[in-house]
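Here is a short note for someone opening this structure for the first time. Please read the points with the structure in view.

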Amino acid sequence: RVPGLELRVQQIIQPLLVCVEEEVLRATLIEQAREIGSVIRDERRESRDGLVLRAMADLWMQAEREGYWTVKDVTRVVKLTLPEQHQVNESKVGGTMKRKLGFRSGRGPGNTVVYMWDQKLLNDRVAAYGLLQREPVV
């Protein structure tokens with residue numbers, strides 16, 4: 001195993017490294033694999049899923065206090081980061097929170113859809129998407 005590589009890159013590089021004995025070539029392959037992993041993390045971080053997750057991370061204090069994120073609040077924060085031609089609606093944000101990121105839905109005030117606070121899942125997703133926890137938006 002090569003430490004610090006994305007799982008998919010790891011799956012590709014392992015069989016190649018088994019076949020290569022020359023240390024210079026091995027080092028070159030590992031360096032290339034790290035660059036590919038970096039590109040994958042950057043693309044994941046800047047995807048719609050990554051932007052929704054970043055908004056959820058920014059709202060962590062509010063979500064922890066209330067026990068949930070509202071789709072409305074997360075959508076508001078996502079819209080702050082996107083140019084007008086790429087705006088998303090609450091339906092897409094909610095779908096991303098549930099289907100792509102794996103957060104459990106529930107009902108909040110006024111019977112609105114909310115997504116339940118889950119510190120472990122948030123931390124796992126933040127790490128997987130290469131996001132750094134920033135100062136929260138409240």
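1. Start with the buried side of helix α1. Val9, Gln10, Ile13 and Leu17 are the buried residues there. They pack against α2, which covers residues 23-46. An α-helix has 3.6 residues a turn, so residues three or four places apart point the same way. Keep in mind that this is a predicted model.

2. Now the helix itself. α1 runs over residues 7-19, 13 residues in total. From its first C-alpha to its last, α1 reaches 19 Å. That is close to the 18 Å expected at 1.5 Å a residue.

3. Where does α1 bend? The bend is at Ile13 and amounts to about 30°. A proline, Pro15, follows within four residues. Ile13 is also among the buried residues of α1.

4. Is Gln10 buried or exposed? Its relative accessibility is 3%, and the cut-off for buried is under 20%, so Gln10 counts as buried. Leaving aside neighbours within four places in sequence, Gln10 is in contact with Arg1, Val2 and Leu5. Gln10 and Ile30 are 20 residues apart in sequence. In space, their C-alpha atoms are 9.7 Å apart.

5. Next, Arg34. This residue sits in helix α2. Its relative accessibility is 38%, between the 20% and 50% cut-offs, so Arg34 counts as partly exposed. Arg34 touches Val2, Pro3 and Leu5, with residues up to four places away in sequence not counted. What separates Arg34 from Val9 in sequence and in space? The two are 25 residues apart in sequence and 8.2 Å apart in space, C-alpha to C-alpha. Val9 is one of the buried residues of α1.

6. Turn to another pair of helices. α3 covers residues 48-58, and α6 covers residues 90-100. They pack at an angle of about 90°. Their axes are 10 Å apart. Angles of 65 to 115 degrees count as roughly perpendicular, and α3 and α6 are therefore roughly perpendicular to each other.

7. Which residues meet where α3 packs on α6? From α3 come Arg48, Asp49, Val52 and Met56. From α6 come Lys92, Val93, Thr96, Met97 and Lys100. By class, this contact has 4 nonpolar, 1 polar and 4 charged residues.

Notes: Residues are numbered from 1 along each chain as its sequence is written. This is a predicted model: local features need pLDDT of at least 70, side-chain atom pairs count only at pLDDT 80 or more; totals for chains, interfaces and linings use all residues. Side-chain values use heavy atoms; hydrogens and water are left out. Axes are lines fitted to C-alpha atoms, for helices over the stretch in contact, and angles run from 0 to 180 degrees between N-to-C directions. Helices (H or I, at least four residues) and strands (E, at least two) are DSSP runs, numbered from the N terminus. Angles under 35 degrees count as roughly parallel, over 145 as roughly antiparallel, 65 to 115 as roughly perpendicular and the rest as oblique. Contact means heavy atoms within 4.5 Å. Ala, Val, Leu, Ile, Met, Phe, Trp, Tyr, Cys and Pro count as nonpolar, Asp, Glu, Lys and Arg as charged, and the others, Gly among them, as polar. The expected span of a helix is 1.5 Å times one less than its number of residues. The bend at a residue is the angle between axes fitted to the seven residues ending there and the seven starting there. Buried means under 20% relative accessible area, exposed over 50%, partly exposed in between (1.4 Å probe, protein chains only).
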